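Subject: Structure handover

Hello,

Here is the structure we talked about. Please open it next to this note and follow along.

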Amino acid sequence: MEQKEQLNTNNLQKLKEIFLQPKQELLSIKIQLEDFDSPKWESYHSPGKIDHTKVWIQKFMDDEQGAFEECCQAISHQMTFYSVIYLVFPYLVEKIARDFEHYDKETLVRYISELGVSLSVDCSLNTQGKYEGADISGLKNDTLRKIYVTGTVQKDDTVLENYQLSIQKFQLLIKQFLSRHIKALGRMDKMTKTMFALAVLAAFGNRNDAFLFLMPEIDECIGVGCNRCDFCDEESLEFSNKKAMSVIKQRGPAEDNWDGVNFEDTYLWFGDFLELMQGKSLAKHLPYYFGTFCCPECGNEAEVRTFMDY
């Protein structure tokens, strides 16, 4: 027990150095935003007309109320991947970073959380093969056909580079916020803290985990399905129902000491991060997500995360 406490202390210290002591200025990362008249916009998929998306971006840049939410809908409507995120996300991050000092902490929490939700949608679980089998017979544009079939597009190197830079800037934005407001965040309601924490996971760590954990945290219910048989249960595993959750063998404490560099192993660092920001509700759920479930139909046994991706 003493060793485990020491490991947690070490992890917490590393997390404090990373998230509470940012060593880079927020505006030091330069992003090249794609001009609205660029033909590249027509090569990326969105849930609505691309011109409408550009209108909402401009309205957000002009501080029009409600425009930010419309922009987020354009890149993650119904938790679906839309390749236009490569062009829109940099605009949103750039605007928030530029006006960071003028926003109150509640607005920043909301913006960061929504951006994290949008970013989590751009994960391998959600993009690979997502559009296979779609009816593309009416699409004449070869680029759009490729988008619908693969969920991706022939990506422009400059666009992708700026998208990755915007993610780095988003990470720095999160650090700047936490370095100033982590105590205030700890006093906010549990859902606010949960959504913010998942935004951090999407920005820094395993985006597949962020994507998988989002819906259960909203619904308070884990949906599981077996990829070896027809078993599917979307409702009975409710976090508030101890008897129902007893079918999951919870994972024990993380045994390894985190290196402070690699964020891919969520279980190794994220629980300690939740302790740092007082996200106890989500922390209690982590051992279930990383626990073991046995399919009652065929006996297939695996991590709960595997059954969530069905």
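Is Lys-54 buried or exposed? Lys-54 is buried, at a relative accessible area of 12%. The cut-offs: buried means under 20% relative accessible area, exposed means over 50%, and partly exposed lies in between (1.4 Å probe, protein chains only).

Before the rest, some ground rules. This is a predicted model, where local features need pLDDT of at least 70, side-chain atom pairs count only at pLDDT 80 or more, and totals for chains, interfaces and linings use all residues. Residues are numbered from 1 along each chain as its sequence is written, and side-chain values use heavy atoms, with hydrogens and water left out.

Salt bridges

There are 13 salt bridges in the structure. A salt bridge here is a side-chain nitrogen of Lys or Arg within 4 Å of a carboxyl oxygen of Asp or Glu.

Lys-54 has one with Asp-51, at 3.5 Å from N to O. Asp-51 is partly exposed, with a relative accessible area of 46%. Both residues sit in helix α2 (residues 50-61), three residues apart, so about one helical turn separates them. Helices (H or I, at least four residues) and strands (E, at least two) are DSSP runs, numbered from the N terminus.

Next, Lys-95 and Asp-63. Their closest N and O atoms are 2.6 Å apart, in a salt bridge. This pair links distant parts of the chain, 32 residues apart. Lys-95 lies in helix α4 (residues 85-98), while Asp-63 lies in the loop between α2 and α3 (67-76). Lys-95 counts as buried at 1% relative accessibility. Asp-63 counts as exposed at 53%. A network of salt bridges links Asp-63, Lys-95, Arg-98 and Asp-99.

Then Arg-305 and Asp-209. Their side chains form a salt bridge at 2.8 Å, N to O. This pair also links distant parts of the chain, 96 residues apart: Arg-305 in helix α14 (residues 304-308), Asp-209 in helix α10 (residues 207-219). Asp-209 is buried, with a relative accessible area of 3%.

A buried isoleucine

Ile-222 is in strand β1 (residues 221-225). Ile-222 counts as buried, at 0% relative accessibility. What does Ile-222 touch, leaving out residues up to four places away in sequence? Its contacts (heavy atoms within 4.5 Å) include Pro-216, Leu-237, Phe-239, Met-245, Ile-248, Val-304 and Met-308. Asp-233, Glu-234, Tyr-288 and Tyr-289 are also among them. Phe-307 is 85 residues from Ile-222 in sequence, and the two are 9.6 Å apart in space, C-alpha to C-alpha.

Best wishes
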